[in-house]
Amino acid sequence: MTSAVAFANGMARAVTRATNATQSTVQQGSRLVDNWAREVVDDIFGHALKKQTGVALKYMLDFGANPFERQLILSAQFLHKELPVRLAHRVAELENLPYGLSTKSSVLKVRDWYVESFKDLRGFGSLKDAVDEQKFTEMLRSIYRRHANVVPMMAKGVSELRRELSQQTLLTEIPEIHHFLDGFYLSRIGIRILIGQHIALHEPSKNNHIGLISTKCSPVQVAQDSINDARSICMREYGAAPEVTVYGDPNFTFPYVPSHLHHMVFELVKNSLRAVQDRFDGEDDMEPPPIRLVVAEGGEDVTIKVSDEGGGIPRSGMPRIWTYLYSTAKHSVAMESVEEAGEGPVVLAGYGYGLPISRLYARYFGGDLQIISMEGYGTDAYLHLNRLGNSQEPLP
Ligand SMILES: Nc1ncnc2c1ncn2[C@@H]1O[C@H](COP(=O)(O)OP(=O)(O)OP(=O)(O)O)[C@@H](O)[C@H]1O
Ligand SMILES: [Mg+2]
């Protein structure tokens with residue numbers, strides 16, 4: 001089956017499911033056609049049937065090494081063609097989600113951001129010279145900013161849905177939605193890295209950087225920064241923070257995107273800090289056992305292990321930790337504050353997407369994230385990072 005046919009079939013199934021599940025909840029006026037001109041909607045669905053083009057990561061490195069004018073124009077031309085396709089795929093999905101998720105106001109907001117960016121890109125004329133390319137890059141900057149709050153905004157819609165469904169229904173039991181969110185967020189990582197990389201090539205080049213990629217990224221140093229950030233949040237919330245000991249060679253470097261690495265380690269360390277702090281809080285006569293972070297350099301992977309003695313996770317709870325919005329945090333974050341939240345959570349825990357999103361970041365560059373727990377003792381997280389060899393961009 002060709003991917004276009006598979007896509008169309010998938011869409012048809014999604015539509016049927018959505019209609020079955022949500023007949024009573026579909027709001028009039030929330031469909032694409034009710035809000036956007038017919039030509040725009042047709043253009044979107046036309047693009048949603050086109051194949052997305054993955055970028056080899058090695059290519060990103062080689063290409064960005066010499067960002068001459070000609071290179072920048074070629075990169076802009078590629079994005080001008082590719083981004084509308086990727087955005088259209090997401091719009092088509094957002095339009096046809098099961099259980100009425102498509103009609104949640106925050107999901108509609110996200111969809112409309114995607115449509116606006118699609119329109120901006122499609123409305124941009126030809127890209128022939130450096131002047132066009134500058135203008136195009138300016139537009140990319142505004143698109144990048146427009147989509148900054150997509151993750152919490154989507155999360156808001158999903159959490160509304162969760163509240164509506166019975167308490168017992170977990171997102172693991174709604175595999176379509178879980179699967180959609182995984183693909184949606186993975187695609188977002190790809191879009192943002194492509195745009196971010198193009199924009200970064202315009203900025204004064206940083207030492208040992210090719211756009212967003214650091215050719216000499218030191219996992220120990222990045223981990224140290226993430227630990228400092230996570231501990232200061234822990235301090236603020238608990239008035240104390242367990243120690244984190246780092247084992248590994250600070251001089252070891254490999255090519256990676258430091259902002260992604262920071263994000264992943266930050267999330268793992270936050271989880272461990274919270275588990276340890278909750279377990280040992282109130283035991284005045286005892287220092288909490290330190291969290292241990294080990295960096296191992298292999299030929300294929302760089303692996304970072306974060307180990308804590310925070311009591312672990314019951315085995316029955318393991319599948320849930322990967323679902324979106326599952327959190328055992330005492331005070332779940334008020335989703336109403338999403339609009340002001342900006343990008344990235346500022347609390348120690350409470351959104352419930354720390355782990356699933358971190359795993360997507362790892363997988364985007366061919367790595368992975370695993371969590372092994374010993375209930376009653378503690379948790380080990382293994383973050384595998386592919387050494388940006390030949391992995392091809394994964395496309396949902
Ligand atoms: N190291 C750990 N020790 C014990 N439980 C953990 C650990 N890491 C994760 N968990 C469990 O998995 C759940 C999900 O983790 P996740 O990081 O995805 O969300 P969160 O920490 O609750 O919220 P946030 O999105 O703010 O990170 C946590 O609420 C917690 O119950
Ligand atoms: Mg977390």
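Which strands form a hairpin with three residues between them and a positive phi at Gly-376 in the turn? That would be β7 and β8, and the phi of Gly-376 is about 95°. What you're looking at is a predicted model, where local features need pLDDT of at least 70, side-chain atom pairs count only at pLDDT 80 or more, and totals for chains, interfaces and linings use all residues. Residues are numbered from 1 along each chain as its sequence is written, while chains are lettered from A and ligands numbered from 1 in the order in which they are written.

**Overall picture**

- The chain has 13 helices and eight strands; these are DSSP runs numbered from the N terminus, with helices being H or I of at least four residues and strands E of at least two.
- Take the contacts between residues at least 6 apart in sequence, and 80% of them join residues at least 24 apart; a contact here puts two C-beta atoms, placed from the backbone, within 7 Å.

- β7 (residues 368-374) and β8 (residues 378-386) run antiparallel and are joined by seven bridges, with Gln-370 opposite Tyr-382. Strands pair if DSSP finds at least two bridges between them.
- Arg-292 has Ser-307 in β6 as its bridge partner.
- β6 (residues 301-308) has two faces: Val-302, Ile-304, Val-306 and Asp-308 are on the covered one, and Asp-301, Thr-303, Lys-305 and Ser-307 on the uncovered one.

**The three-stranded sheet**

- This open sheet has the order β1-β2-β4, with antiparallel pairing. β1 (209-210) and β4 (254-256) stand at the edges with a single partner strand each, so one side of each has no neighbour in the sheet.
- Two bridges link β2 (residues 213-217) to β4, and Cys-217 has Phe-254 as its bridge partner.

**Core and a buried loop residue**

- The largest nonpolar core has 82 residues, and Val-91, Phe-118, Met-154, Val-265, Val-269 and Leu-383 have the most contacts inside it. Such a core is a set of buried Ala, Val, Leu, Ile, Met, Phe, Trp, Tyr and Cys residues joined through C-beta atoms within 7 Å.
- Domain 1 (33-207) and domain 2 (212-386) each give at least three residues to this core; the bounds come from an automatic or database domain assignment.
- Ala-241 sits in the loop between α10 (219-238) and β3 (244-247), yet it is buried, with 22 other C-beta atoms within 10 Å.
- Leaving aside neighbours within four places in sequence, Ala-241 is in contact with Arg-231, Cys-234, Met-235 and Leu-273.

**Around ligand 1**

- Among 21 residues around ligand 1, Asn-271, Ala-275, Ser-327, Tyr-351 and Gly-354 come nearest; a residue is near if its C-beta atom, placed from the backbone, lies within 6 Å.
- α11 (258-280) and α13 (354-364) are the elements giving two or more residues to this shell, and α11 has the largest share, four residues.

Key: A residue is buried if 20 or more other C-beta atoms lie within 10 Å of its own, exposed if 12 or fewer, and partly exposed in between; C-beta atoms are placed from the backbone.
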